[in-house]
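Here's a quick briefing to read alongside the model. Have the viewer open and follow along.

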Amino acid sequence: MKKFLLGTVALIAMGTVATAADLGARPVYTKAPPIPVMNWTGFYVGGGGGYGMWDGENDASVGGVPVPGSTRTGGRGYFGTVSGGYDWQINPTWVVGVMADAQFGDIKGDITYGAALPFFQGRTKNDLNYAAGVRVGYLIAPNVLSYVNGGYSHAEFTGTNLTVFGTPTGFTTNRAKFDGWFIGGGFEHTLNIFGISAPGWFLKTEYRLAEYDRKSINAFVGPVDTLIADNFKPYVQTISTQISYKFNWGR
């Protein structure tokens with residue numbers, strides 16, 4: 001009986017050793033590399049393009065006296081843009097910054113000398129806008145910023161040759177410059193998407209509305225002012241997409 005028990009114990013022991021050998025060595029686990037933490041503080045520069053629309057209130061005056069009635073005209077077109085700025089990440093979810101940009105465009109449309117003088121018309125182009133202001137953003141993800149911005153804006157419109165029912169009149173206008181304000185907003189995120197590795201590169205899409213002060217656009221015959229002027233107040237809306245590079249993109 002003792003021999004039987006000893007034999008049984010020996011068989012069990014041998015089976016346990018064999019099973020442990022079949023299982024192999026215990027695996028060694030290594031810690032996964034840490035996910036990089038985004039740092040939005042730092043300088044950035046960028047460039048891109050977009051589509052813009054302007055519309056304006058046209059009120060005529062004769063000899064400096066306003067003429068009753070007004071018209072509204074507008075223009076459409078594309079533009080390119082360059083920008084730069086500096087951001088501060090003040091806590092894990094909020095970013096504030098200062099920014100400046102310039103737009104060089106081909107946003108064409110008509111101006112008309114008021115409802116009482118609708119036969120004086122010219123083709124003009126909003127070819128330059130620049131702005132400076134601040135933006136405040138909220139990080140909906142470590143690499144995705146939603147933001148609003150606002151500040152000072154400047155717009156310029158080219159001079160034009162006036163016509164009457166399509167016939168040249170010899171009257172011209174000079175380049176017109178306007179000052180005003182803008183407000184906008186958009187989203188910005190890294191380009192590390194779809195398997196692409198692009199450290200420091202970001203994509204931004206933004207909508208903006210700018211309103212400018214009313215200004216008198218005088219008509220000329222040669223070097224001499226005429227009595228006719230268009231009191232013009234423009235509004236400009238744009239939507240743009242830019243690629244930017246941040247010099248301190250993470251840590």
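**Quick tour of the model**

This is a predicted model, so take the cut-offs with it: local features need pLDDT of at least 70, side-chain atom pairs count only at pLDDT 80 or more, and totals for chains, interfaces and linings use all residues. Residues are numbered from 1 along each chain as its sequence is written, and side-chain values use heavy atoms, with hydrogens and water left out.

**Overall layout**

- The chain has one helix and twelve strands, and these are DSSP runs numbered from the N terminus (helices H or I, at least four residues; strands E, at least two).
- Going along the sequence, the pattern is α-β-β-β-β-β-β-β-β-β-β-β-β.
- Of the 251 residues, 40% count as buried; that means under 20% relative accessible area, with exposed over 50% and partly exposed in between (1.4 Å probe, protein chains only).
- Among contacts with a separation of 6 or more, 69% are between residues 24 or more positions apart; a contact is heavy atoms within 4.5 Å.

**Salt bridges**

- There are 16 salt bridges, each one a side-chain nitrogen of Lys or Arg within 4 Å of a carboxyl oxygen of Asp or Glu.
- Glutamate 57 pairs with arginine 72 at 3.3 Å, N to O.
- Arginine 72 is partly exposed, at 49% relative accessibility.
- Glutamate 57 also meets arginine 214, at 2.7 Å, N to O. Arginine 214 sits in the loop between β10 (201-212) and β11 (215-221) and glutamate 57 in strand β1, so this pair ties together parts 157 residues apart in sequence.
- Asp55, Glu57, Asp59, Arg72 and Arg214 are linked in a salt-bridge network.
- Aspartate 87 bridges to arginine 135, with the closest N and O atoms 2.7 Å apart. Aspartate 87 is in strand β3 and arginine 135 in strand β5, 48 residues apart, and both are buried.

**Aromatic rings**

- Look for 15 aromatic pairs: rings of Phe, Tyr and Trp (its six-membered ring) with centres within 6.5 Å, called stacked if the planes are under 30 degrees apart, edge-to-face if over 60 and tilted for the rest.
- One of them is phenylalanine 119 with phenylalanine 120, a tilted pair at 5.0 Å centre to centre and 50 degrees between the planes. Phenylalanine 119 is partly exposed at 30% relative accessibility, whereas phenylalanine 120 is buried at 10%.
- Trp54, Phe157, Phe178 and Phe232 are joined by ring pairs into a cluster.
- The charged end of arginine 208 sits over the ring of phenylalanine 182, 4.4 Å from its centre; the rule is NZ of Lys or CZ of Arg within 6 Å of the ring centre and within 35 degrees of the ring normal.
- Lysine 246 lies over the face of tyrosine 44, also listed at 4.4 Å from the ring centre.

**A loop residue to check**

- Phenylalanine 165, in the loop between β7 (161-164) and β8 (167-172), has a positive phi near 50 degrees despite not being glycine.
- Phenylalanine 165 is exposed, with a relative accessible area of 74%.
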